[in-house]
Every structure is written in C-alpha cells, then in structure tokens.
Amino acid sequence: MLHPAGEDAAAVANLFWVMAAGTVVIWLIVMGITVYAVLGKERPKTERFADRFILIGGVAFPSITLAALLIFGLALLPDWVRTEGADLRVHVTAEQYWWRIAYELPDGSVVQSANELHLPVGQTAEFVLNSTDVIHSFWIPNLGGKIDVIPGRTNLWRLKPTEPGVFRGVCAEFCGPSHALMAFPVVVHEPADFAAFLEGEATPVDAPPNHDLFIASGCGACHAVRGTSAGGAVGPDLTHFASRRTMAAGTLPITAENLASWLLDPKHIKPDVRMPGYDSLPDAERAALVSYLLDLQ
Ligand code: CUA
C-alpha cells in the first residue's frame, strides 16, 4: 500500500503520510503540554486563561483539524460522473475462492481467464465486478483502494497502473474458510507486451496428450480448455494454465508436486474449495493429469 504503482494508490499513500505526520505533531504537542503540567513550575492561572485554553485546544483546534482532514480525504473519492471512457474493460467475477477474469475486446467479445490479472501500464482499466455467491472485496494494494464485490449487483471500479511490475491482488472481505487463499498475481506490462499477452491468451490450444483422460475423469465438466472438447464453466478456465504464476488462486507455485497433492485432496490445501479430490484415480492417471495441466502453456 505504501509502495504505490498506480494513481489511486499514490493518492492513498499520500493521505496516509499526511495523516501520520499530523498525528505525530499533535502527539508531540499533547505530550509537551503533559510534561509541562507535571514538571513545570506551579503558577496560578486565571479563570479566563483556563476557559480559553479549553475552548481553543479542546474545541476549535480539533474541529478545524478534523474538518480539514475530512475534506482532504473526501477529495480522494472517485468522481461520481465519469467523463472519459476507460482504455480497457475487464469483467471480474468473485467466486468461493477464486477470480473469474474476462478481458473485453474492442469488438465486444471477451477472452476468458482466471486468477491472474494482466494490465497495460499508463492506461485506465475499468473493472466490472460481480459475485456469484457471497460478498468478496477486490483489492490490489499497490494500485489503489478496494471495493466490495456483491452478489446481484454490478460495481464498477477503475485503476490506472503507473509502473510495470508484478503485484499481489487479494480478497479483502471475509468470505469463508479459504478467504485468505483467494489471491491473484497482477502483472502490469508495457502496452505492446500487454497486447501480446492478450493475443496469446485469446488463442485456443491444441489438446495435449492425455486429453481423453482429462475428459474421462470428468474435469471438462467444470473446466474449459479452449480449442478442445472441455467446455465446463463452473471452475476456472484452464486454457493457458501452465503459463500462470500460481495455482489455486495465488496459493501455490505451479509445480508437479503441488498439482499432484492438489488433485489428490484439494480441500487439504484450500478448505471448503468446491473441487472434489481425485484420490480414487490410480496414481499413474493422476500423474498423467498433472503432465496434461503442465502442457497447457
Ligand atoms: Cu473472497 Cu474473501
């Protein structure tokens, strides 16, 4: 939060430092007065001095300071009326416990992805936020403030990254046992690299070896692998799964070991996750599914 890489985050960090500095100054003044009262020479004060001291120090000063901070803070709220269009629209749907992500192309079609967000630097991205189950909250601390994602309601949110890099997005509203295991890497690219990413993400894949096993095991009923017969829409799109940075929504790095233990018992890694375990499969078949997933570049 205090290492801003986006316009809104810079404003929030600025507000934090102003508040922190103001708090330190006021604390020093109060402590100074306390020390003076305890250790200073005893000198009788007039009734008038005491009244004024309370009126100025206890009423006028806090009222003015708090009002100024309120105005300063309110000025950071997003504009009520949006005058300009965003450069990019991304549909984000929060699920227990992962993020469905769909990039909107200029022709209105969308590119499905999940659990990893890519953005171009210096461009305003508008997020169209929905939830299918409970209230979640969408937060990328380095880029800006957070917003609740509420079932039955569409919230719009804008962020403008100002520096390329890889950041961490999180769910910031308690949504169930795996609330803290619902993160997503955020990759901010130069615009040309972002265009290349989007083109790659939009491209379907050829079915890797073991695709028949993937279908026979029922994986395709929940997961889509574009370009193949797997078209499930319940779980995350897996088309370019192996090119992502994490699995299980920011929970683990993608390795053969992690995938093997995930397929065996996902709830051990992520309590309450909706994906069933595949401990009934022979070890060789689970290993084949792991290599299938690692082929989805
Ligand atoms: Cu989703 Cu917390």
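Reader: Hi! How much space lies in the second largest pocket?

Author: About 570 Å³ of space lies in it. A pocket here is an open set of points on a 1 Å grid over the protein atoms alone, where a 1.4 Å probe fits, with protein on both sides within 12 Å along at least five of seven lines. A volume is the space filled by probe spheres set on the points. This is a predicted model: local features need pLDDT of at least 70 and side-chain atom pairs count only at pLDDT 80 or more, while totals for chains, interfaces and linings use all residues. Residues are numbered from 1 along each chain as its sequence is written, and side-chain values use heavy atoms, without hydrogens and water.

Reader: Thanks! Which residues are closest to the centre of that second largest pocket?

Author: Of the 31 residues in its lining, His223, Gly235, Pro236, Trp262 and Met275 are the closest to the centre. Lining residues have an atom within 4 Å of a point.

Reader: And which helix gives the largest share of that lining?

Author: Helix H5 does, with three residues. Helices (H or I, at least four residues) and strands (E, at least two) are DSSP runs, numbered from the N terminus. H5 covers 256–264.

Reader: What classes do the lining residues of the second largest pocket fall into?

Author: There are 22 nonpolar, six polar and three charged residues. Ala, Val, Leu, Ile, Met, Phe, Trp, Tyr, Cys and Pro count as nonpolar, Asp, Glu, Lys and Arg as charged, and the others, Gly among them, as polar.

Reader: New topic: how many salt bridges are there in the whole structure?

Author: A search finds eight. A salt bridge is a side-chain nitrogen of Lys or Arg within 4 Å of a carboxyl oxygen of Asp or Glu. One of them joins Asp283 and Arg286, at 2.6 Å from N to O.

Reader: Where do Asp283 and Arg286 lie?

Author: Both are in helix H7, three residues apart, which is about one turn of the helix.

Reader: Is Asp283 buried or exposed?

Author: Asp283 is exposed, because its relative accessible area is 58%, and exposed means over 50%, buried under 20% and partly exposed in between (1.4 Å probe, protein chains only).
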